[in-house]
Amino acid sequence: MPSGGTRGQLGITQGHSNSVTDREILLQSGQKLSFDYLAIATGLQQPLPAKMSSPHKDEACADLRSLRMKIQQAIPCVGATPNTKFLSSFIPSNFSKTTGRILVRQTLQLAGDAHLDTFALGDVAETEGPKMGRTAMAQAELVCENILALIKGTKLRPYKPKAIDGMLKLTLGPEHSVIYVKDGKGADIMVPIKSSNLDLEVAQAWWYLNGDMKAEIVN
């Protein structure tokens, strides 16, 4: 439930989508979800072990254990494709011919004038800037702002990639790391840092996902 909200304001439905229409999402289970505004962030399609086939934790862990019993080492090098197949009837001509990603405006609305209430972000969207988690988070915040702008009838804000979106952090043992980023002029910047955080900042990852690490360990 969102901070300051009331019960019933937010619902979570998990499932695989078969198709999308102008005002409805059809799931494989047969359930239909209606919407006024839609944000598409379906990411990439990748085979095991790069990505689990099941969205459920226990099933995914079982699949991974089964796979580990069959192989000694895996080096994923099969690439990835945007997860957009279920959108083929909804926006049949709104995909990049080179990458397969969804074409969008600078405001992250779908390109053209037919679906201005629909947004795409992250790996599935054809945007400037790096395809990284930090970028997707920045785009998600922008999409939320722009949906509110549509509701209020105010001006939408364009997405502008920032140098920090492409930042990489490479750990070098339990206490040392290197941060790499390319500035706006194309210059490479590398900064060594030292940290006593031995858990590789896993608590921060749980915070981003609004999860409770301690409760998960207990369960």
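Predicted model: local features only at pLDDT ≥ 70, side-chain atom pairs only at ≥ 80, totals over all residues.
Let's start with helix H2, which runs over residues 133-152. H2 has 20 residues and spans 29 Å from its first C-alpha to its last, close to the 28 Å expected at 1.5 Å a residue. Its buried residues are Thr 135, Gln 139, Leu 142, Val 143, Asn 146, Ile 147 and Ala 149. They sit on the same side of H2, because they cover an arc of only 155° around the axis.

## A nonpolar patch

Met 137 also belongs to H2. With 37% relative accessibility, Met 137 counts as partly exposed. Together with Trp 207, Tyr 208 and Leu 209, Met 137 makes a nonpolar surface patch of about 520 Å².

## Salt bridges

Glu 145 pairs with Arg 157, their closest N and O atoms being 2.8 Å apart. Glu 145 lies in helix H2 and Arg 157 in the loop between H2 and strand E10 (168-171), so this pair ties together parts that are 12 residues apart in sequence. Both partners are partly exposed, Glu 145 at 38% relative accessibility and Arg 157 at 43%.

Glu 126 forms a salt bridge with Arg 101, with 3.7 Å between the closest N and O atoms. Because Glu 126 is in strand E9 (residues 125-126) and Arg 101 is in the loop between strand E6 (81-82) and strand E7 (102-103), the pair links parts that are 25 residues apart in sequence. Glu 126 is partly exposed at 29% relative accessibility. The side chains of Asp 188 and Lys 182 also meet in a salt bridge, at 2.9 Å from N to O. Here Asp 188 is exposed, at 53% relative accessible area, while Lys 182 is partly exposed at 40%.

## His 176 in strand E11

Finally, look at His 176, which lies in strand E11 (residues 176-182). His 176 is partly exposed, with a relative accessible area of 39%. Leaving aside neighbours within four places in sequence, His 176 contacts Leu 170, Thr 171, Ile 193 and Lys 194. His 176 and Ser 196 are 20 residues apart in sequence, and their C-alpha atoms are 8.4 Å apart in space.

Terms used
Residues numbered from 1 in each chain as written. Heavy atoms only, no water. Patch = residues over 30% accessible without salt bridge, like charges linked within 9 Å, V, L, I, M, F, W, Y side chains within 5 Å. Areas by Shrake-Rupley, 256 points an atom, 1.4 Å probe, with all protein chains shown as cover. Salt bridge = Lys/Arg side-chain N within 4 Å of Asp/Glu carboxyl O. Helix = DSSP H or I, 4+ residues; strand = E, 2+ residues; numbered from the N terminus. Buried < 20%, exposed > 50% of the residue type's maximum accessible area, 1.4 Å probe, protein only. Expected span 1.5 Å × (residues − 1). Arc of directions from axis to C-beta. Contact = heavy atoms within 4.5 Å.
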